[in-house]
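This report describes a ligand shell, a chain contact and several strand and helix arrangements. The sequence and structure come first.

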Amino acid sequence: MQNHPSNLTHVRQLSDDMINRIAAGEVIERPASVVKELVENAIDAGATRIDVTTAGGGTTLIRVVDDGFGMTRPDLALAIERHCTSKLTDEALLAIETLGFRGEALPSIGSVARLSIATRHASEPHGWELSVEGGIKSAPRPAALTLGTRIEVRDLFFATPARLKFLRGERAETTAIADVIKRLAMARPDIRFQISGSDRGTTTYTSIAGPDAHLVRIAQILGEDFAENAVPLDFERDGIRLTGFAGLPTFHRAAATHQFFSVNGRPVRDKLLLGALRGAYMDVMASDRHSVVVIDIALPPEEVDVNVHPTKADVRFREPQTVRGLIVSGIRAALSATGHRASTTGGRATLAALRPGWQPAPAYPAPAQASLPRVHSGQTMGIGGSRAPEIPRPASWDWQAMGPAAPAANGFAEGETGQDSPVHHANEPPSAPTLDASFLSHPLGTARAQLHENYIVSQTEDGMILVDAHAAHERLTYERLKRQRAETGVARQMLLIPEIVELTADEAGALLAAADDLASAGLVIESFGGQAIAVREVPVLLGKFDIARLVRDIADDLTDQGISNRVETRINRVLSTVACHGSVRTGRRLTLPEMDALLREMEVTPNSGQCNHGRPTWVELKLADIERLFGRS
Amino acid sequence: MKVTVERAHLLKALNHVHRIVERRNTIPILSNVLLRAEGDDLRLKATDLDIDVAERVPAVISEPGATTVPAHMLYDIVRKLPDGSQVELATRPDGATIDLRSGRSKFSLQMLPESDFPDITAGVFTHKFDILASDLKRLVDRTQFAISTEETRYYLNGIYFHTVEVGGDLRFRAVATDGHRLAQAEFIAPHGAEGMPGVIVPRKTVGEIQKLVEDPEAQVTVELSDSKIRLSFGEVVLTSKLIDGTFPDYGRVIPQGNDKDLIVDRSEFAAAVDRVSTISSERGRAVKLTVGDGRLTLSVTNPDSGSATEELGVEYESEPLDIGFNSRYLLEIAGQLETDTAIFRLADPGSPTLIQDRGRDNALYVLMPMRV
Ligand SMILES: Nc1ncnc2c1ncn2[C@@H]1O[C@H](COP(=O)(O)OP(=O)(O)OP(=O)(O)O)[C@@H](O)[C@H]1O
Ligand SMILES: [Mg+2]
């Protein structure tokens with residue numbers, strides 16, 4: 001071994017190469033990190049097209065070619081020196097506007113791989129090229145090149161074989177690289193990205209201009225499904241602007257890989273943001289499902305510190321509460337504005353199941369030609385932010401009052417809402433002449449029949465709708481209980497014997513910092529020495545429960561995500577149970593007026609498009625789709 | 001073993017012991033009742049490993065011995081035998097079967113060896129005293145409702161029995177709390193209770209004690225050690241493990257300085273609370289008490305269904321006050337009070353309230369308000 005005790009007595013300056021390798025350990029974790037650094041550099045260089053080629057999951061080769069402004073000969077020589085950057089002046093660390101700013105990426109890569117750079121700047125008569133292998137730099141030599149930069153990284157980690165062993169295999173690395181490009185491409189629809197190589201097929205994101213550019217790029221990356229099942233976001237508060245698209249609660253995934261966040265155009269995966277997202281969808285999606293979103297947060301650069309993590313994945317906001325609040329309330333507001341809307345994929349999938357010879361669409365569509373996503377008719381998908389017209393709630397329609405004993409004052413021809421025979425109407429043939437066509441133009445149409453003592457079939461102007469009556473009514477009841485709770489506040493039982501919960505000082509601190517939020521959710525805590533907190537009041541709705549455990553879970557959430565919705569989640573869970581018991585059961589037959597009332601109520605109730613577990617409460621089949629089923633289109 | 005007993009005697013004993021046998025057991029022998037024929041008695045015994053109940057009944061023994069048989073099965077059989085019949089129990093030489101005969105009925109039941117039957121009753125009991133069954137029952141009845149069912153604070157899952165000095169008298173006191181309310185009841189400590197350890201008697205045992213008190217005038221012998229309690233109700237002996245934990249210093253949560261006395265007619269108050277809370281739907285909806293100037297207004301608001309108020313004439317001379325309580329808790333406490341007139345000692349809407357029978361200090365209840 002080298003480190004004989006006598007060597008340790010001397011403090012030595014580390015060699016440059018050693019410093020670079022240590023830095024590389026942090027900056028370059030895997031091939032995808034190299035791709036990220038190189039593509040970011042190309043974006044910073046003002047490129048309009050960036051081509052990435054890989055082989056062997058990036059360990060054999062990564063090549064990034066851009067048409068940016070390139071480097072002059074002296075700049076090229078400097079670029080591979082540590083802490084040499086053209087992007088940051090001394091004053092500017094507080095207001096970083098480029099993706100790179102440390103001058104660390106190229107030297108780090110050069111210390112762990114064979115790096116060669118060829119570049120041409122407009123002011124140079126020809127291009128220059130140089131290489132770095134395991135930290136040893138060659139002198140620049142002339143190269144034939146048009147404007148731009150080509151960087152090749154071969155044999156990644158050849159200089160640090162230990163790192164190679166930790167890689168997850170070619171496939172995983174190949175996917176990780178694709179993911180990095182998706183994240184970068186998402187923020188920059190104006191740039192054309194292409195990725196190809198011996199280890200993958202070719203994917204191209206063509207460059208897009210115009211007001212809908214962002215949405216088109218999203219469709220390129222996430223598929224057109226998303227565009228049809230998302231609502232636009234555009235909210236601003238205290239100089240922070242939130243834009244992008246939030247997937248409908250019924251459009252969910254098993255993994256969180258479809259959540260794209262960027263802060264001032266810089267892709268990030270920050271715990272605070274992910275936590276806030278969970279909070280926003282908390283009560284419309286099962287906890288093991290993940291939403292699909294594309295969100296950019298724009299704020300003055302000095303309001304955010306991007307220099308907190310070697311790979312720049314985390315950021316630190318000066319006002320984290322504001323950012324979190326904006327995400328939670330922005331998404332919730334956008335989702336509730338969609339009211340009854342559920343995902344179209346339910347109806348699509350049904351259709352697909354019926355259609356003979358149907359093949360699932362490829363999971364990763366790579367449209368060669370960008371096209372505007374189809375706007376789902378009658379829905380609120382608004383590229384320009386258009387909204388379905390507000391549907392006034394007919395005064396005489398009160399679903400809640402529509403029990404079998406309700407007076408038949410609904411202006412219906414056949415009057416009797418059926419004290420004794422609520423079954424009659426449901427059994428009438430769909431062509432019964434008494435049907436009122438006036439609801440046809442409503443989004444959920446006019447009820448025609450109930451099938452299997454649960455499903456309502458309703459007719460719209462251009463299709464039909466199937467409603468899961470039990471799930472829908474459960475959701476309506478739940479929303480009503482929630483609304484009431486919001487109006488009346490959370491009743492709290494004070495504790496005769498406060499519960500003392502022992503924690504770490506950090507956890508106690510995090511809880512106390514969130515004390516106001518917790519109190520409005522019904523949990524009142526106070527400090528009990530540095531390491532413990534005392535719980536003084538608890539939400540009455542939760543009955544008697546394991547207080548210490550809840551508090552510890554909240555502390556975990558707060559320390560890892562900066563946010564916790566546990567108290568609300570539990571209260572809402574109790575409400576859901578209440579809702580479930582108070583709802584129309586499968587098996588109860590509804591009269592047509594009752595069915596129509598339910599549809600109208602759904603149209604005006606926020607979040608009624610999905611049940612409490614994120615399943616849709618209704619699906620739609622378009623007439624065109626039905627006709628296609630019969631080969632008539 | 002061969003023994004003959006009166007059906008009535010056997011049934012009564014089985015009725016006492018079979019209750020603690022769990023319906024489902026992973027250890028088969030715990031489903032059984034131990035039968036031991038010895039001298040002039042048949043002894044029966046059952047356990048769930050926390051509680052042991054034993055009883056002896058007079059019997060004619062032609063062959064002493066012991067065995068175990070399924071408790072619920074035996075109980076059901078004996079229950080269905082005709083009144084006044086005799087029951088003969090005889091083990092077969094194969095050691096695996098017992099025959100039960102009564103009149104023309106005959107049953108054969110599988111047995112398990114008596115040597116496998118667990119005994120949790122061993123140990124040295126350091127304190128022993130007698131109390132009147134009705135006194136014991138009163139302590140248990142008054143406090144049992146406040147026992148916590150929440151298992152993390154296991155030390156609250158029972159009644160805390162201990163002695164305290166009050167104005168020169170030594171009292172035998174029972175306390176239970178679930179962290180929302182507290183109940184305390186006591187009487188003058190019997191001779192022999194001096195210096196007894198404070199013990200927490202688990203909820204299931206408390207339930208058995210209530211059922212085993214049949215004759216209120218009888219004496220119950222209490223024996224204690226640090227980890228067990230034994231209560232002898234005549235021929236029935238219950239031994240139970242105690243909860244191994246420290247009961248909180250409850251004295252600190254009993255308010256001393258509450259000076260606003262509200263005096264109500266107990267049954268009128270309870271009926272009014274019950275009526276107004278009809279409106280509430282979610283569990284534990286608050287009832288608001290507005291007091292001032294000789295009047296108490298109870299009100300409940302439920303945004304879902306409406307509201308209710310009721311006014312009662314009361315004695316109250318302090319300044320007006322609004323305070324909210326869980327209506328169920330109020331009703332439960334009102335149900336514990338023993339006299340016609342209840343006194344609420346209030347401080348403010350954020351502090352514990354003390355509730356007692358007027359003119360009696362042998363029981364008290366503390367209730368924490370709700371915030372709405
Ligand atoms: N594709 C490129 N086109 C033009 N200049 C480039 C390109 N790549 C790198 N450079 C120049 O090389 C410098 C060093 O790049 P490097 O990635 O090491 O650091 P950085 O981007 O400044 O900061 P960071 O370490 O945060 O990425 C950059 O500041 C830039 O001037
Ligand atoms: Mg860089």
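## The shell around ligand 1

By class, the shell around ligand 1 comprises seven nonpolar, eight polar and six charged residues. In this predicted model, 21 residues surround ligand 1, and the closest are Asn41(A), Ala45(A), Thr85(A), Gly100(A) and Ala105(A). Two or more residues each come from helix 3 (31-44), helix 4 (73-79) and helix 5 (105-112) of chain A. Helix 3 of chain A contributes the most to this shell, with three residues.

## The contact between chains A and B

Chain B puts 26 residues into the contact and chain A puts in 20 residues. On the side of chain B that touches chain A, the elements giving two or more residues are strand 13 (181-188) and strand 27 (370-371) of chain B. That side of chain B has eleven nonpolar, eight polar and seven charged residues.

Strand pairing also links the two chains: strand 20 of chain A and strand 27 of chain B pair in the antiparallel sense over two bridges. Within this pairing, Gln493(A) has Met370(B) of strand 27 of chain B as its bridge partner.

Ile525(A) is bridged to Val535(A) in strand 22 of chain A. Strand 21 and strand 22 of chain A form a hairpin with four residues between them, and Gly529(A) in the turn has a positive phi of about 75°.

Strand 11 (residues 158-166) and strand 12 (residues 169-177) of chain B are paired in the antiparallel sense over seven bridges. One bridge sets Tyr160(B) against its partner Val175(B) in strand 12 of chain B. The two strands form a hairpin with two residues between them, and Gly167(B) in the turn has a positive phi of about 50°.

Strand 12 of chain B is joined to strand 13 of chain B by seven bridges, again running antiparallel. Ala176(B) has Ala183(B) in strand 13 of chain B as its bridge partner. This hairpin has three residues between the strands, and Gly179(B) takes a positive phi near 90°. Strand 13 of chain B is also one of the elements that give two or more residues to the side touching chain A.

## The five-stranded sheet of chain B

Chain B contains an open sheet of five strands in the order 5-1-7-8-9, with antiparallel pairing. Strand 5 (60-63) and strand 9 (105-110) of chain B are the edge strands, each pairing on one side only. From one strand to the next, the twist averages 15°.

Helix 1 (residues 7-18) of chain B lies across strand 1 (2-6), strand 7 (86-91) and strand 8 of chain B, and runs at about 90° to strand 1 of chain B.

## Helix pairs of chain B

The axes of helix 5 (residues 266-276) and helix 6 (residues 327-336) of chain B come within 10 Å and cross at roughly 155°. Helix 5 of chain B is therefore roughly antiparallel to helix 6 of chain B, and the crossing is left-handed. Arg266(B), Phe269(B), Ala270(B), Val273(B) and Asp274(B) in helix 5 of chain B meet Ser327(B), Leu330(B), Leu331(B) and Ala334(B) in helix 6 of chain B. The residues of this contact divide into six nonpolar, one polar and two charged.

Helix 3 (residues 133-143) and helix 4 (residues 203-212) of chain B pack at an angle of about 135°, with their axes 10 Å apart. This angle makes helix 3 of chain B oblique to helix 4 of chain B. Their crossing is left-handed. Leu136(B), Lys137(B), Val140(B) and Asp141(B) in helix 3 of chain B meet Val206(B), Ile209(B) and Gln210(B) in helix 4 of chain B. Here the contact residues are four nonpolar, one polar and two charged.

Terms used
Residues are numbered from 1 along each chain as its sequence is written. Chains are lettered from A and ligands numbered from 1 in the order in which they are written. This is a predicted model: local features need pLDDT of at least 70, side-chain atom pairs count only at pLDDT 80 or more; totals for chains, interfaces and linings use all residues. Axes are lines fitted to C-alpha atoms, for helices over the stretch in contact, and angles run from 0 to 180 degrees between N-to-C directions. Angles under 35 degrees count as roughly parallel, over 145 as roughly antiparallel, 65 to 115 as roughly perpendicular and the rest as oblique. A crossing is left-handed if the near helix is turned anticlockwise from the far one by less than a right angle, and right-handed if clockwise. Two residues are in contact if their C-beta atoms, placed from the backbone, lie within 7 Å. Ala, Val, Leu, Ile, Met, Phe, Trp, Tyr, Cys and Pro count as nonpolar, Asp, Glu, Lys and Arg as charged, and the others, Gly among them, as polar. Two strands pair if DSSP finds at least two bridges between them. A residue is near a molecule or strand if its C-beta atom, placed from the backbone, lies within 6 Å of it.
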